[in-house]
Amino acid sequence: MGQRLVVTINCQGKDLAKIYYHWSAYTYSALLETKKIIDCIYNHKDETEKELQLRLIRFCEENGGGITGTEEYHEHE
């Protein structure tokens, strides 16, 4: 069992998204997961932050994830 990996996507000083992985915080698997996110972000030319957020949501859904709630939810974990 690994530790939690949290990847925060930031744009111009503003957090756009946080992606939580519960089983991927070992060094090698963390690098692999982070590379997938980087490819998702940088292989496209977004015009808006909203387009990036929607693509990140689709990325999470395609990789077995989804939306869990609000910021308040994560503060109480």
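Reader: What should I know before I start?

Author: This is a predicted model: local features need pLDDT of at least 70, side-chain atom pairs count only at pLDDT 80 or more, and totals for chains, interfaces and linings use all residues. Residues are numbered from 1 along each chain as its sequence is written, and side-chain values use heavy atoms, with hydrogens and water left out.

Reader: What is pLDDT, and which element of the protein has the lowest mean?

Author: pLDDT is the predictor's confidence in each residue, from 0 to 100. The protein averages 80. At least 70 is reached by 81% of the residues. Among the elements, helix H3 (residues 71-75) has the lowest mean, 49. Helix H2 (residues 49-62) has the highest, 90. Over residues 73-77 the pLDDT is below 50. Beyond near neighbours in sequence, that stretch has four contacts in the model (contact: heavy atoms within 4.5 Å).

Reader: How many helices and strands does the protein have?

Author: Helices (H or I, at least four residues) and strands (E, at least two) are DSSP runs, numbered from the N terminus. Here there are three helices and two strands. Along the sequence the pattern is β-β-α-α-α.

Reader: How much of the protein is buried?

Author: Buried means under 20% relative accessible area, exposed means over 50%, and partly exposed lies in between (1.4 Å probe, protein chains only). Of the 77 residues, 23% count as buried. For areas, the method is Shrake-Rupley with a 1.4 Å probe; for residues, only the protein chains shown count as cover. The protein exposes about 6100 Å². Carbon and sulfur atoms supply 53% of that area.

Reader: Which residues of the largest nonpolar core touch the most other members?

Author: In soluble globular proteins, nonpolar side chains tend to be buried together. A nonpolar core is a set of buried Ala, Val, Leu, Ile, Met, Phe, Trp, Tyr and Cys residues joined through side-chain atoms within 4.5 Å. The largest one here has 14 residues. Ile9, Ile19, Ile37 and Leu56 touch the most other members. Strand E1 (5-11), strand E2 (14-21), helix H1 (27-42) and H2 each supply at least two residues of this core.

Reader: What does Leu56 touch?

Author: Leu56 lies in helix H2. Its relative accessibility is 3%, so Leu56 counts as buried. Not counting residues up to four places away in sequence, Leu56 touches Ile9, Ala17, Ile19, Ile37, Cys40 and Ile41. Ile19 has its own list, leaving aside neighbours within four places in sequence. Ile19 is in contact with Leu5, Val6, Val7, Ile9, Ile37, Leu56 and Cys60.

Reader: What share of the contacts joins residues 24 or more positions apart?

Author: Such pairs account for 30% of the contacts with a separation of 6 or more.

Reader: Now the charges. How many salt bridges are there?

Author: Side chains of opposite charge can pair when their charged atoms come close. A salt bridge is a side-chain nitrogen of Lys or Arg within 4 Å of a carboxyl oxygen of Asp or Glu. The count comes to four. One of them joins Glu49 and Lys14, at 3.2 Å from N to O. This pair links distant parts of the chain: Glu49 is in helix H2, Lys14 in strand E2, 35 residues apart. Glu49 is partly exposed at 29% relative accessibility. Lys14 is partly exposed at 45%.

Reader: Where do Lys36 and Glu33 lie?

Author: Both lie in helix H1, three residues apart, about one turn of the helix. Lys36 is partly exposed, with a relative accessible area of 39%. Glu33, at 17%, counts as buried. Asp15 and Lys18 also form a salt bridge, with the closest N and O atoms 3.8 Å apart.

Reader: Which residues make the nonpolar surface patch?

Author: Patches are made of residues with over 30% relative accessible area and no salt bridge: like charges are joined within 9 Å, nonpolar side chains (Val, Leu, Ile, Met, Phe, Trp, Tyr) within 5 Å. Leu54, Ile57 and Ile67 make a nonpolar patch of about 270 Å². Ile67 is in the loop between H2 and H3. Ile67 is exposed, because its relative accessible area is 66%.
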